[in-house]
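I opened a structure that was new to me and kept notes as I went. Here is what I looked at.

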Amino acid sequence: MGALGVAVKSLGKAVSAKDYVHDVINDIRAKNPAEPEFHQAAREVFESLIPVLDRHTEYRAAKLLERLAEPERVLMFRVPWMDDRGEVQINRGFRIEMNSAIGPYKGGLRFHPSVNLGILKFLAFEQVFKNSLTTLPMGGGKGGSDFDPKGKSDNEVMRFCQSFMTELWRHIGPNTDVPAGDIGVGGREIGFMFGQYKRLANEFTGVLTGKGLNWGGSLIRPEATGYGCVYFANEMLKAQGRSLEGMTCLVSGSGNVSQYTVEKLLDLGAKPITISDSDGAIHDPAGIDREKLAWVMELKNSRRGRVREYVDRFKGATFTAADRSLGHNPLWDLKADCAFPSATQNEINAKDASNLIKNGVQLVAEGANMPSTLEAIQIYLDAGILYGPAKAANAGGVATSGLEMSQNSMRMAWTREEVDERLQKIMVAIHQNCFQTAETYGTPGNYLNGANIGGFVKVANAMLDQGLV
Ligand code: NDP
């Protein structure tokens, strides 16, 4: 019998919630070998739930943790396509339909060579709690492929997207599963996939979000994750009577989330001084202003170039090439007030976190998913800085996808101001929920606990209501 079996059998003998959680985590490790990111995400959430499980034995009796850790469905499929030289290419496609207790599966598609089952399971798992926090009726899912759009022609990307959707389309639908973008999947890729879905299903519906404005997209959707993250950071500061005005900020990445994080930081009077890509980081002590940001957007979104070009264009900025052997990222070793990791998972390790604290950073708001290792998070919590975990801080993206779905269902389009106002209200509500939940469960100021517990309770109660499915 596995560790989990022991825990469940001895439930009546008052095994502590802490032991029960650790048994579940061990069982997840044993059952899902070689999926370290999934283990990490499960541990981060489940350890926060110990005070809830102490108070609510019904969740343990219904084996909710064990059920939450098992996807409702995992799809894995071959994606053959032909490159521009006429050579056959084969990639692997995935969709993880994690949990539909509170709505249709919802979550992005990631195209990146690092994509594998474990990474997508961690992302789908996170998405369940994040979507619950948004206040909107959305379940959790995630998908993608190990396809690398970098260096591919538009025609190659189109042929890949069409082949990917030729399998995926039969599994998704506006009331079943509604994918969106993520790393490597922006407006271009969503367009090609939507076109192929429409052709196969013979139906024009809101089956994807992040669509173009002329064909069902929502204003503010491209901006939403970055804007939402900055709104969340501002709420955390407001609760302490402070604001972002005049704050020096570190931002990583230079894609969708980073670009609009920088833009909103500028709107609120802060001074962003860094961006990066997988080749290295730019440090611009004078600050990345609107003119420089416009140039970065053109570089990344149209020319699809690399950030190192920034130093040729703007005097006073430096480029530091990425060096994995260093064991830490120099971007996080600069004097600043706030940090907005917006590139990818585990981009801040224990050393980086210590550097942030040493350099005076008082706030970390996660635009990327799981950008901080468990050790890094512990360092933030021990230092008592404001820490906005991804599932709360970056929920504005999926929340606005939810607003896109509503507009599609009603066949109408809200103005930019209307969507932005709703996004702000949602971020304020998420902050309030996390803040209050952390207090209710005896850990005031701990937004990690607040987000994990707040996201969990709604899904858990829905699962109890719906019986053993
Ligand atoms: P993009 O593809 O637009 O940009 C990703 C950026 O991160 C690029 O600058 C990329 O550099 C860098 N990056 C990606 N992988 C790595 C890596 N392994 N090492 C170093 N740098 C890397 O993606 P998004 O901006 O959409 O997504 C960024 C993060 O935000 C992800 O964690 C995503 O899951 C999360 N997120 C996105 C949402 C959205 O609405 N788009 C919603 C919620 C979360 P390069 O060009 O060199 O690859």
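**Entry 1: the whole chain.** I noted at the start that this is a predicted model. I then looked up the secondary structure and found 19 helices and 13 strands in the protein chain.

**Entry 2: burial and contacts.** I checked burial over the 469 residues, and 51% count as buried. Then I turned to contacts with a separation of 6 or more. Residues 24 or more positions apart account for 72% of these in the protein chain.

**Entry 3: domains.** I looked up the division of the chain. It gives domain 1 (3-67), domain 2 (73-205) and domain 3 (224-393). I took the C-alpha centres of domain 2 and domain 3, and they lie 27 Å apart. Their contact takes 8 residues from domain 2 and 7 residues from domain 3. On the side of domain 2 that touches domain 3, I found 5 nonpolar, 1 polar and 2 charged residues.

**Entry 4: the ligand.** How many residues surround the ligand? I found 24, and the closest are Gly-255, Asp-277, Ser-278, Ala-368 and Gly-397. I sorted this shell by class and got 4 nonpolar, 17 polar and 3 charged residues. Then I asked why the ligand lies between domain 2 and domain 3. The reason is that both domains give residues to the shell around it.

**Entry 5: helix H3.** I followed H3 over residues 36-48. Its 13 residues reach 19 Å from first C-alpha to last, close to the 18 Å expected. I listed its buried residues, among them Phe-38, Ala-41, Val-45 and Phe-46. Glu-37, His-39 and Glu-44 are buried in H3 as well. I then looked at what covers the buried residues of H3. The cover includes helices H2 (17-31), H6 (64-68), H7 (117-133), H15 (374-383) and H19 (447-465).

**Entry 6: helix H8.** I ended on H8, residues 154-168. The helix has 15 residues and reaches 21 Å, close to the 21 Å expected. Phe-160, Cys-161, Ser-163, Phe-164, Met-165 and Leu-168 are buried there. What covers them includes strands E1 (73-82), E2 (88-99) and E4 (140-145), along with helix H9 (187-201).

Conventions:
Residues numbered from 1 in each chain as written. Predicted model: local features only at pLDDT ≥ 70, side-chain atom pairs only at ≥ 80, totals over all residues. Near = placed C-beta within 6 Å. Nonpolar A, V, L, I, M, F, W, Y, C, P; charged D, E, K, R; others polar. Domains from an automatic or database assignment. Helix = DSSP H or I, 4+ residues; strand = E, 2+ residues; numbered from the N terminus. Expected span 1.5 Å × (residues − 1). Buried ≥ 20, exposed ≤ 12 C-beta atoms within 10 Å, placed from the backbone. Contact = placed C-beta atoms within 7 Å.
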